[in-house]
Amino acid sequence: AIWPPLWFAYGWSKLRISTSVLGFNVSPPSVVVPRAMTEAMFAGLVELGPGERLPGLHLVVGLSSGRMLLPCARVAEIARIVACEPIPGAPPWVLGTFVWRGRPAVAVDLEARLGGAPATSLAAMMVILDGAPTVAVVVAEARGLVEDPLLADGGPEGEGRRFVLGACRVDDEAVPVLAPELLEREAQGPA
């Protein structure tokens with residue numbers, strides 16, 4: 001087993017190498033992805049089809065309901081959960097605000113947003129996304145990295161389906177690929 005700080009150092013260097021997702025570059029700090037682009041990304045997955053490789057490096061995160069993939073090109077940092085200042089009137093899946101590297105950020109509980117139980121463990125992780133506004137996706141754990149995974153059929157049903165671009169095969173299991181742009185849009189609140 002790799003000692004966690006070494007894994008994160010190794011993972012960080014690989015995260016910075018991979019800068020494209022589905023053929024287009026994401027340029028921090030201002031990522032604004034219109035619905036048409038998200039639909040184009042989904043169409044690109046469909047066009048590739050099951051058995052094709054999804055280009056890029058992806059972070060495997062653990063939730064109580066299973067695993068999910070996040071494109072590493074969108075990951076700025078992985079950190080332990082921190083205390084958040086609640087936002088009055090925010091939905092229960094918005095944990096609140098915190099300061100990340102001098103910038104205001106919003107923490108979103110992914111499991112709760114997908115209809116599951118909220119993260120309560122102090123061992124939970126924050127996957128801080130590159131983009132504006134800065135959004136941290138709270139997950140139970142960061143499990144590792146996969147490069148160019150095979151596309152697969154499947155994915156979550158119900159409410160969680162709208163946040164998923166498709167699914168990839170990881171260890172003989174269909175693991176959903178999260179569309180982080182949609183969580184960022186919701187974290188911004190009504191425009």
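Tutor: A salt bridge is a side-chain nitrogen of Lys or Arg within 4 Å of a carboxyl oxygen of Asp or Glu. Keep that cut-off in mind, and remember that this is a predicted model.

Student: Why is the pair of glutamate 173 and arginine 67 called a salt bridge?

Tutor: The closest N and O atoms of glutamate 173 and arginine 67 are 2.8 Å apart. The cut-off is 4 Å, so the pair qualifies. Glutamate 173 sits in strand 13 (residues 173-178) and arginine 67 in strand 4 (residues 66-71), 106 residues apart. The pair links distant parts of the chain.

Student: What makes arginine 67 count as buried?

Tutor: Its relative accessibility is 15%. Buried means under 20%, so arginine 67 is buried. Glutamate 173 has a relative accessible area of 34%. That value lies between 20% and 50%, so glutamate 173 is partly exposed.

Student: Which residues does arginine 67 join in a network?

Tutor: Arg67, Asp171 and Glu173 form one network, through salt bridges that share partners. The structure holds 7 salt bridges.

Student: How do you know that glutamate 184 forms a salt bridge with arginine 74?

Tutor: Their closest N and O atoms are 2.6 Å apart. That is within 4 Å, so it counts. Glutamate 184 lies in helix 4 (residues 180-188), and arginine 74 in the loop between strand 4 and strand 5 (75-80). They are 110 residues apart.

Student: Are these two partners buried or exposed?

Tutor: Glutamate 184 has 4% relative accessibility, and arginine 74 has 1%. Buried means under 20%, so both count as buried.

Student: Why is the link between arginine 113 and glutamate 186 called a polar contact?

Tutor: Their side chains are joined at 2.6 Å. Arginine 113 is in helix 3 (residues 110-113). Its relative accessible area is 12%, so arginine 113 is buried.

Student: How many disulfides are there?

Tutor: The count comes to 0 disulfides. Cysteine 72 is buried, with a relative accessible area of 1%. Cysteine 84 is partly exposed, at 22%.

Student: What is the predictor's confidence in the protein chain?

Tutor: The chain averages a pLDDT of 75, and 69% of the residues score at least 70. Strand 8 (residues 125-129) has the highest mean pLDDT among the elements, 96. Strand 1 (residues 20-21) has the lowest, 30. Over residues 1-35, pLDDT stays under 50.

Technical notes: Residues numbered from 1 in each chain as written. Predicted model: local features only at pLDDT ≥ 70, side-chain atom pairs only at ≥ 80, totals over all residues. Heavy atoms only, no water. Helix = DSSP H or I, 4+ residues; strand = E, 2+ residues; numbered from the N terminus. Buried < 20%, exposed > 50% of the residue type's maximum accessible area, 1.4 Å probe, protein only. Polar contact = N/O pair within 3.5 Å; in protein donor to acceptor, adjacent residues only side chain to side chain. Disulfide = S-S within 2.5 Å. pLDDT = per-residue confidence, 0-100. Contact = heavy atoms within 4.5 Å.
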